[in-house]
Amino acid sequence: MAPRTDIPFWVLPMNLLLSVAVAFLGAWVWILFSFSVGRLDVEKAVVIIEEKQKDLEFETVISDPNVSKISVVGTAMRSQPGVAKTMFETLAAKGVNIQVISTSEIKISVLIDAEYTELAVRSLHTAFGLDDE
């Protein structure tokens, strides 16, 4: 049977905020879907997903409520190269490990360990010249 590629989309009508969805295709045709929900919805999301296990034919659900989503947002990103590079280099220089990356034309979001939230936000603020604002 072919692997399912629509897994994140069935979450949408269940009153969960799907804010990051990334699909990876591995050498053994494993597909890993990763998405974030608000901390208050983690347990609810896990229950809903586990109830669908037989239908969706997945092995396991792993949840981590100790992550933070950091985003760089702006319409100027369409025409200004290097925003992702600056973001990733800044976080790497501070030793902040990126767990998930999601992008669009006007936004780059990353999931990181929650303990690094303040460091990441302050460092990115400085890197993008926002300290004076």
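Which residue in β5 is the bridge partner of S102?

The model is predicted: local features need pLDDT of at least 70, side-chain atom pairs count only at pLDDT 80 or more, and totals for chains, interfaces and linings use all residues. Residues are numbered from 1 along each chain as its sequence is written, and side-chain values use heavy atoms, with hydrogens and water left out.

**View 1. Strands β4 and β5 form a hairpin.** S109 is the bridge partner of S102 in β5. Strands β4 (residues 98-103) and β5 (residues 107-113) run antiparallel and are joined by five bridges; two strands pair if DSSP finds at least two bridges between them. Three residues lie between β4 and β5. Helices (H or I, at least four residues) and strands (E, at least two) are DSSP runs, numbered from the N terminus.

View 2. V42, A45, V46, I48 and I49 are buried; buried means under 20% relative accessible area, exposed over 50%, and partly exposed in between (1.4 Å probe, protein chains only).

**View 3. T90 lies in helix α3 (residues 83-93).** T90 is buried, because its relative accessible area is 14%. Leaving aside neighbours within four places in sequence, T90 is in contact (heavy atoms within 4.5 Å) with S123, L124 and A127.
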